[in-house]
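Welcome! Take a moment to look over the sequence and the 3D view, then read on for a short tour.

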Number of protein chains: 2
Amino acid sequence: MVKRQLLNERSLQLLKSLIERYISDGQPVGSRVLSKDTDLNLSPATIRNVMADLEDLGLIHSPHTSAGRVPTVSGYRLFVDTLLTVKPLDSQELTRLHATLMTDGNHNAINTASRLLSELTQMAGVVTLPKRELVFLRHIEFLPLSNTRVLVIVVTNEQEVHNKIINTSKPFSAAELQQASNFINSQYAGRSLGSVREAVLKDLQDDRERMNQGMLDAVNMAQLAFAENSEQDDYVLSGETNLMGFSELSNMEKLKSLFEAFSQKQSVLHLLDQCMKADGVQIFIGEESGYKAFDQCSLVTAPYTVSDEIVGVLGVIGPTRMAYEKIIPFVDVTAKLLSAALNTK
Amino acid sequence: MVKRQLLNERSLQLLKSLIERYISDGQPVGSRVLSKDTDLNLSPATIRNVMADLEDLGLIHSPHTSAGRVPTVSGYRLFVDTLLTVKPLDSQELTRLHATLMTDGNHNAINTASRLLSELTQMAGVVTLPKRELVFLRHIEFLPLSNTRVLVIVVTNEQEVHNKIINTSKPFSAAELQQASNFINSQYAGRSLGSVREAVLKDLQDDRERMNQGMLDAVNMAQLAFAENSEQDDYVLSGETNLMGFSELSNMEKLKSLFEAFSQKQSVLHLLDQCMKADGVQIFIGEESGYKAFDQCSLVTAPYTVSDEIVGVLGVIGPTRMAYEKIIPFVDVTAKLLSAALNTK
DNA sequence: TATTGGCACTCTTATACTATAAGTGCTAAT
DNA sequence: ATTAGCACTTATAGTATAAGAGTGCCAATA
């Protein structure tokens, strides 16, 4: 005979209590505690029955016979998706966040956001640099260095400045370079770096005959300047050391591979990249990320925008056993504040 | 009756063997092993007597009664200063070092050096950025951003590019800014950033009446551009995660404070700063550094130069129990190669 | 039929005891 | 001055034991 309903209202409520309890205590939760914790007035024995069901469903799991239960990844997932009661942000924290992000000088906003994320959560904070494709060319300048070496300076709409040294095929005078800058600025300013790159390539192919030598030189240089790989994706990470305090990360092997992932950056970037597609808070719990190094970690992210376009994500990295009900709204708000800070500049 | 000579040739030789053995094995060294290890043909009992003397002198130390002996900081110090037989660098490694540093693009040399230091030693590598005071102004450019906001770009002799946004007291046209750049370049190029800062301040006080408005504007902007704190000292650290493999750093508390020191940077910078004064290899062993976080670590450094001036230091951070006889020449050579790489640019 | 008390069972954790091995310090002999 | 010998100390590993926590299941209950 099949049980009628493994997952009813009551079992969900118990799952919720169990996870909340586990998050706050860090100890496997037994039927006794749960019986006292909830106001369902159920005996431990009844609760044991329910817990057995929840275990069958793969939502919780027992480390060994005589221990209580611990949430599995699926358990956390269900909890986060449907059971969670988010706690609004402490208004004091909000004030501090707002004040710090707004008063903070210019492109430091990214660094500040990262620092705030880690300080206020006591976990690791991460913010990606704005996506290159979604950043607009504001101004370009060519400066002579030596014979055929030219320093290219690109100013974007976020008032970040990038520079790169290119080698030209022939020497240029300062005046010629000035002319070239003027031409590129008049021609391409206001478009995204990605589209400038495409436009330059297209113009080189199609409009060769219509351009004079000066324009041709300018476009050639622009092609070098905007070549792929000139700027790698990157992120700003803060408070990694906070992670060393958590017992679930006290295994040196695990910790080492986690920190290696942080310094190699690519897996973290890939993960964060996935979060740019969603337009709200996105969460990876434990193994969900697909990266072994993040087995024991959860990642809570939210995208931030410039001119209503998503240009990056920020988030918090901590142990799977984190206070989601506080972290989720916090990350959400921080993303909005960072967007605001970047837009008023 | 006083013993004639606690520290004679023989005891030094034994100390040397003991430390070498401890460095290679990581286990406390007992009298038996030492007796077999050396060709002195001494019985364990004799060696025990000598070891007791060495312990009295504070050069070695016994973790507990039934363990062998382990070098103390003073022991390591004596070893490094007078007993060490340095091993010349493997010629294959030298080739790789040389090739990688030389072919590597431009200001990446610093990053590459750091990476090489960590990869070839399997410990952490660190390289300070060239000291600002010893970096020469090559070219300055002012670009208009908005009304009173001006982007300043400074190119130095190492072809590093720094940029900063300043707020001017009144709006300037692009042409005026161009003029200002020209003036500053003609006036101050070729001098160190530090001396430019001083000169600008002095000129503002002394030569006010002799300057026209354009010059005054230019110098005013330069003053903002070169204001203190515009560029912090900094360093590039690589391979920190290598340190997580060492048993002497497996205490999470210790490890955490070490990594916190790495990200706060100031204590590391202070330490590295001290090494700039010496003009050869400099070593801090364990507590010698004066920073608790570095208790269990040694730091081997050497300064590097540009145009025969010391502008920075590089080094290796690892456990006190490291193969000094290999690390010391390696750091030395790397510093020389980095200097060479920076000078040929 | 859902809930519950009771109870045997499992597994972890802590403690104590034991034996073993490593290495010392000291003394007396060489 | 060196060494053999020996008593002594301490870490480490293994084993036994007891206590405690929590479970699963069965039979009683409402």
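## A strand residue in chain B

Is Thr156(B) buried, exposed or partly exposed? In this predicted model, Thr156(B) has 18 other C-beta atoms within 10 Å. A residue counts as buried at 20 or more and as exposed at 12 or fewer, so Thr156(B) is partly exposed.

You can find Thr156(B) in strand S5 of chain B, which covers residues 149–156. Setting aside neighbours within four places in sequence, the contacts of Thr156(B) are Val135(B), Phe136(B), Leu137(B) and Arg138(B). Pro319(B) is 163 residues away from Thr156(B) along the chain, and the C-alpha atoms of the two are separated by 37 Å.

## Chain A as a whole

Let's turn to the overall form of chain A. This chain contains 12 helices and 10 strands. Along the principal axes, its C-alpha atoms fill a box of roughly 90 × 40 × 40 Å. The radius of gyration of chain A is 26 Å, whereas a compact globule of 345 residues would have one near 20 Å.

How much of chain A counts as buried? The share is 38% of its 345 residues. Among the contacts in chain A with a separation of 6 or more, 61% join residues 24 or more positions apart.

## Two copies and how they meet

Chain A can be superposed on chain B by a rotation of 180 degrees with 0.1 Å of shift along the axis, giving an RMSD of 0.1 Å. This is the relation of a two-fold axis.

Where the chains touch, 22 residues of chain A are in contact with 22 residues of chain B. On the chain A side, the elements giving two or more residues are strand S4 (137–146), strand S5 (149–156), strand S6 (161–167) and helix H10 (252–264). H10(A) gives the most, with six residues. By class, this side of chain A has 11 nonpolar, eight polar and three charged residues. The copies meet through the same surface, because 100% of the interface residues of chain A are also interface residues in chain B.

## The nonpolar core

Which residues touch the most other members of the largest nonpolar core? They are Leu314(A) and Leu314(B), in a core of 185 residues.

Looking beyond neighbours within four places in sequence, Leu314(B) has contacts that include Ala113(B), Leu117(B), Val126(B) and Val127(B). Thr301(B), Ala302(B) and Tyr304(B) also touch Leu314(B), as do Thr334(B), Ala335(B) and Leu338(B).

## Around the DNA strands

DNA strand C has 22 residues around it, and those that come nearest are Thr65(A), Ser66(A), Gly30(B), Ser31(B) and Ser66(B). Helix H3 (44–56) of chain A gives two or more residues to this surface, and so do helix H2 (31–37) and helix H3 (44–56) of chain B. With four residues, H3(B) gives the most. The surface near DNA strand C has six nonpolar, 12 polar and four charged residues.

What about DNA strand D? It is surrounded by 21 residues, of which the closest are Gly30(A), Ser31(A), Ser66(A), Thr46(B) and Thr65(B). Here the elements giving two or more residues are helix H2 (31–37) and H3 of chain A, together with H3 of chain B. H3(A) provides the largest share of the surface near DNA strand D, four residues. That surface divides into six nonpolar, 12 polar and three charged residues.

Key:
Residues are numbered from 1 along each chain as its sequence is written. Chains are lettered from A and ligands numbered from 1 in the order in which they are written. This is a predicted model: local features need pLDDT of at least 70, side-chain atom pairs count only at pLDDT 80 or more; totals for chains, interfaces and linings use all residues. Copies are superposed by least squares on the C-alpha atoms of residues with pLDDT of at least 70 in both. Two residues are in contact if their C-beta atoms, placed from the backbone, lie within 7 Å. A nonpolar core is a set of buried Ala, Val, Leu, Ile, Met, Phe, Trp, Tyr and Cys residues joined through C-beta atoms within 7 Å. A residue is near a molecule or strand if its C-beta atom, placed from the backbone, lies within 6 Å of it. Ala, Val, Leu, Ile, Met, Phe, Trp, Tyr, Cys and Pro count as nonpolar, Asp, Glu, Lys and Arg as charged, and the others, Gly among them, as polar. The radius of gyration is taken over C-alpha atoms; the globule rule is 2.2 Å times the number of residues to the power 0.38.
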